[in-house]
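Open the model in your viewer and keep the selection tool at hand. Each stop on this tour gives something to select and then says what is there.

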Amino acid sequence: MDTTSAAAPAAPLAGRTALVTGAASGIGRACAEAFAAAGARVYVVDLAAGPAQELAERIGGVAAVADLSDPRAVEDLPDDADIVVNNAGLQHVAPLHEFPTERFTQIQRVMVEAPFRIIRRTLPHMYGREWGRIVNISSVHGLRASAFKSAYVTAKHALEGLSKTAALEGAPYGVTSNCINPGYVRTPLVERQIAAQALAHGIREDEVVEQIMLDRTAVKRLIEPEEVAQLAVWLCSPSASYITGASLPVDGGWTAH
């Protein structure tokens, strides 16, 4: 039998619609690309209109420009996603007693309230189809704390609780909800942290990565966004249908300590 002309297997997520927040760069961009490659129609959600539109056009998706710190903007997002990837995030580093209260509030709105609102809006659609996948891009900081990152650590811990609650409520309807917990990923956000740490400590950027960021990991390298994205896609595959309410460390051994 000549197998060279055999039809290629259908894209595993053909017919599905994914909504990815913070999709214009970093992990979100890699996720949008990976889900589109798997056959899903992708809503590219980001505050950066130009990059979001460019990516959406390239992958055949739909750009949705929104400030996730504004609840009204979140409520205007599409509600027909079968797959939600809550990825958008931001960071601010300061001692807790000096942490700007308005910055703390902004981080909770983007990284906790917006995922809650998005899940709340999309669950009825998922329940109606008796299938849905919620993938929350948490962090090792959803499982461990670090000094001077009170808002980020608080938000990621809250996202963990939200994810587990969605898992328990969604199970009877064929909906799973999980967290992915990366260590330091090679993203624009982390690159900015590296530069800031190098300036603050008076050391080279490669020394920041080796001595500070990778100090607690066994695998001495940053994670690539594509590695996180592929795990997100796998969580939406039939092979992962029994995984829900989980937190999956992708941290190079950080939480093994």
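Predicted model: local features only at pLDDT ≥ 70, side-chain atom pairs only at ≥ 80, totals over all residues.

Select valine 110 first. Its relative accessibility is 10%, so valine 110 counts as buried; buried stands for under 20% relative accessible area, exposed for over 50%, and partly exposed for what lies in between, with a 1.4 Å probe and protein chains only. Valine 110 belongs to helix α4. Helices (H or I, at least four residues) and strands (E, at least two) are DSSP runs, numbered from the N terminus.

Now show the surroundings of valine 110. Leaving aside residues up to four places away in sequence, valine 110 touches Leu68, Ser69, Ala88, Gly89, Leu90 and Pro115. A contact here means heavy atoms within 4.5 Å.

Residues are numbered from 1 along each chain as its sequence is written, and side-chain values use heavy atoms, with hydrogens and water left out.

**The whole protein**

Zoom out. The protein has 8 helices and 7 strands. Its C-alpha trace spans about 65 × 50 × 40 Å along the principal axes. A compact globule of 257 residues would have a radius of gyration near 18 Å, and the protein agrees with this at 19 Å. That radius is taken over C-alpha atoms, and the globule rule is 2.2 Å times the number of residues to the power 0.38.

Of the 257 residues, 49% count as buried. Among contacts with a separation of 6 or more, 68% join residues 24 or more positions apart. Colour the surface by element next: the accessible surface comes to about 12,200 Å², and carbon and sulfur atoms hold 56% of it. These areas come from the Shrake-Rupley method with a 1.4 Å probe, and for residues only the protein chains shown count as cover.

**Aromatic rings**

Select tyrosine 127 and tyrosine 173. How far apart are their ring centres? The distance is 3.9 Å centre to centre, with 20° between the planes, and the pair is stacked. Rings of Phe, Tyr and Trp (its six-membered ring) pair if their centres lie within 6.5 Å; planes under 30 degrees apart count as stacked, over 60 as edge-to-face and the rest as tilted. Tyrosine 127 is in helix α4 (residues 101-129) and tyrosine 173 in the loop between α5 (150-170) and β6 (175-182), so the pair ties together parts that are 46 residues apart in sequence. Tyrosine 173 is partly exposed, at 38% relative accessibility. By the pairing rule the count is 3 aromatic pairs.

Next, select arginine 16 and tryptophan 131. The charged end of arginine 16 sits over the ring of tryptophan 131, 3.7 Å from the ring centre. To count, NZ of Lys or CZ of Arg must be within 6 Å of the ring centre and within 35 degrees of the ring normal.

**Two loops with positive phi**

Most residues other than glycine have a negative phi. Select glutamate 130, in the loop between α4 and β5 (132-137). Its phi is near 55°, a positive value, and glutamate 130 is exposed, with a relative accessible area of 61%. Then move to phenylalanine 148, in the loop between β5 and α5, where phi is near 75°, also positive.

**Asparagine 87**

Select asparagine 87, in the loop between β4 (83-86) and α4. Is asparagine 87 buried or exposed? At 10% relative accessibility it counts as buried. Beyond four places in sequence, asparagine 87 touches Thr21, Gly22, Ile27, Gly28 and Ile137. The C-alpha atoms of asparagine 87 and asparagine 136 are separated by 6.4 Å, although the two are 49 residues apart along the chain.

**Cysteines**

Last, select the cysteines. The structure holds 0 disulfides, a disulfide being a pair of cysteine sulfur atoms within 2.5 Å. For cysteine 31 the closest cysteine sulfur is in cysteine 236, 9.3 Å away and too far for a bond. For cysteine 179 the closest is in cysteine 31, at 13 Å, again too far for a bond. Cysteine 31 is buried at 0% relative accessibility, and cysteine 179 is buried at 0% too.
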